[in-house]
Amino acid sequence: MPDSGDVSPVKASRQGDSQVRVYPVPPRENAEPGEIVEGFLEAMTGDDPGFATARKYLTKQAARTWKPEERTTVLSAAPVPQPAESRQRERGAHGDTQVLVYPLSGQKVATVDDRHAYQPLDPAPYSESIRLVQQRSTDGKGKEWRIESLPQGLVIGESDFQRNYRSVNKYYFASGRNWLVADPVYIRKRQDPVTQMDSLTQTVKALLEGPTNWLKPVVDSRFPTGTALKKDVTSLTTDDRDTLKVPLNSKADNVSNGQCRKMAAQVLFTVGDLASTKVQQVELQRSDGRSLCVLGEDQKSDFMADPSIGVRDTPYFIDADGKLAQLQPSAKDTVEPRHVYGPFGDGQAKVEKVAVARDEQHAAAVSEGGSTLRVASIVADAELPHALVSSNGTRPQDRLSAPSWDGRNDLWVADRNPDAPKLYVIPGGTGQPREVLTPWLTDGVRIEELRLSEDGVRIALRLREDGKTTLQIGRVERQGTGDRQKTAVVDLQSVAPRMDSVASVSWAGPSRLVVLGKLAGGVQQVRYLQTDGSASASVIPGLNQVTAVAAANSERVPLVAAADDGIVRLQGGANWQPMVEKGTSPVYPG
């Protein structure tokens with residue numbers, strides 16, 4: 001505490017708090033222009049119906065044309081009107097009308113579009129303005145300041161955004177497949193001011209509107225075009241049997257039972273991510289109220305990329321002798337690893353990088369200084385197989401990357417030879433590798449690491465360019481079938497633009513990644529990120545000298561990491577614990 005010096009006023013900032021609600025107040029009589037601007041910016045962070053209070057700060061024309069639902073611009077802090085001396089005073093069209101322009105400034109860090117899709121941005125200056133005019137007061141006896149023009153949509157600080165919005169996953173079917181893919185979006189935590197819908201109903205409505213623009217080329221919705229909630233439905237609730245009944249409009253009245261089950265699966269997976277709502281089954285209803293179909297929790301496995309019973313909770317790692325070993329789940333602080341069967345566990349090949357197939361029957365290993373990739377059984381003894389892919393890179397770091405399996409049982413690997421960089425997919429993990437179209441893999445760009453999602457339609461990439469390693473998400477597009485199928489990775493999106501460097505990445509759920517990286521001006525840390533680039537609320541304890549992290553698709557399974565202390569793990573509610581003194585490259589199946 002200071003014990004000397006002057007007392008000076010400090011302006012309170014509007015910091016977000018999930019337990020805090022903003023109740024906006026209308027403009028007071030004869031309010032000064034600065035009060036109008038401040039009051040309006042504050043009212044934008046509330047959630048009163050139709051943003052009615054915020055509209056009271058606008059002229060009648062501006063209130064009619066302002067569309068807060070069009071987009072949301074997220075700034076690092078609440079937007080700041082420029083101080084009084086920078087205001088501009090203009091003459092209005094009629095000569096006697098006073099006009100004031102208040103520039104708004106800040107640092108833009110993200111946007112949310114009208115499809116609820118979040119897009120992180122490299123922090124960039126934000127510069128817009130609010131224009132005020134004087135108009136006659138409601139009693140006609142005087143004049144009052146009101147906002148005549150303003151930026152379209154909402155403009156709010158990051159803390160207010162986190163207080164008002166939450167991330168949810170919508171689910172759509174992978175094109176040509178019978179399994180579902182997560183499509184993360186942001187909805188209002190409480191009632192949506194524009195639609196008057198609660199969060200559950202907002203989520204179902206967003207699902208029916210279709211996938212976000214980025215994911216749309218590789219997924220399908222089983223809902224007929226034009227399907228929506230029945231008119232005037234603003235609240236959906238579960239009954240005493242935890243059944244969610246969803247009344248649809250007439251567009252879905254005549255679907256078959258098979259199609260209806262897939263529609264219900266999309267709803268069941270989507271609302272299952274809302275922890276505040278317990279849903280055991282979903283019933284879709286026709287426009288006249290009759291039941292279309294019912295789908296329960298026990299049928300969800302029919303629509304998963306990996307429908308096997310049980311969770312892939314066994315991590316693998318490479319020991320000090322270059323052998324692939326398995327870490328059996330145990331409550332003890334340390335465990336005794338078990339070498340796998342076959343050439344990767346008995347020493348026939350010195351394993352340098354590895355990926356274990358999702359069925360845990362085979363593994364793909366890179367060896368011989370990164371020059372060869374082989375696939376062999378890890379459940380039976382076998383001879384060392386021939387190499388599927390070879391690299392002629394001069395240095396080990398210019399040869400093959402660590403491989404990765406997707407949910408289709410296809411194997412992926414990158415050849416990082418600067419003279420001929422390529423990305424390969426090996427269908428079924430056997431046979432002839434196929435080159436993947438990568439229009440972004442140009443001179444100076446190198447794939448440091450790749451990780452395929454379980455659904456097979458997204459790929460997480462660590463790319464190095466101009467001395468900086470960034471994290472990108474690419475969309476996997478397939479055309480044709482069989483031997484003529486062509487595969488491409490396109491439309492890369494930055495996931496961690498605020499990170500100076502990214503050292504390791506792993507999938508940690510349907511739309512979540514665990515990332516080892518360093519924030520600009522900060523220290524290296526392990527953190528969760530959504531695939532849309534937004535930060536997860538989950539906190540990971542710090543860990544020194546980490547080289548790699550790995551996660552499973554289930555949140556119940558511990559994180560594992562390679563650090564100076566060997567292989568360590570992090571179980572829920574605990575701190576990092578050592579498992580093996582010496583080891584590298586921890587991985588879960590995939």
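Mentor: Happy to! Let's start from Ala-265, which lies in helix α6; helices here are DSSP runs of H or I with at least four residues, strands are E runs of at least two, and both are numbered from the N terminus. Before going on, please note that this is a predicted model, in which local features need pLDDT of at least 70, side-chain atom pairs count only at pLDDT 80 or more, and totals for chains, interfaces and linings use all residues. Residues are numbered from 1 along each chain as its sequence is written, and side-chain values use heavy atoms, with hydrogens and water left out.

Ala-265 counts as buried because its relative accessibility is 0%; buried means under 20% relative accessible area, exposed over 50%, and partly exposed in between, with a 1.4 Å probe and protein chains only. Leaving aside residues up to four places away in sequence, Ala-265 touches Leu-180, Leu-295 and Phe-303, where contact means heavy atoms within 4.5 Å. From Ala-265 to Gln-202 the C-alpha separation is 17 Å, and the two are 63 residues apart along the chain.

The axes of α5 (residues 199-208) and α6 (residues 257-272) come within 10 Å and cross at roughly 140°. Axes are lines fitted to C-alpha atoms, for helices over the stretch in contact, with angles running from 0 to 180 degrees between N-to-C directions.

On the α5 side, Leu-200, Thr-203, Val-204 and Leu-207 make the contact, and they meet Gln-266, Val-267, Thr-270 and Val-271 of α6. Sorted by class, this contact has 5 nonpolar, 3 polar and no charged residues; Ala, Val, Leu, Ile, Met, Phe, Trp, Tyr, Cys and Pro count as nonpolar, Asp, Glu, Lys and Arg as charged, and the others, Gly among them, as polar.

Helix α5 is mostly covered, with 9 of its 10 residues buried. Just after α5, look for Gly-210, which takes a positive phi of about 105°.
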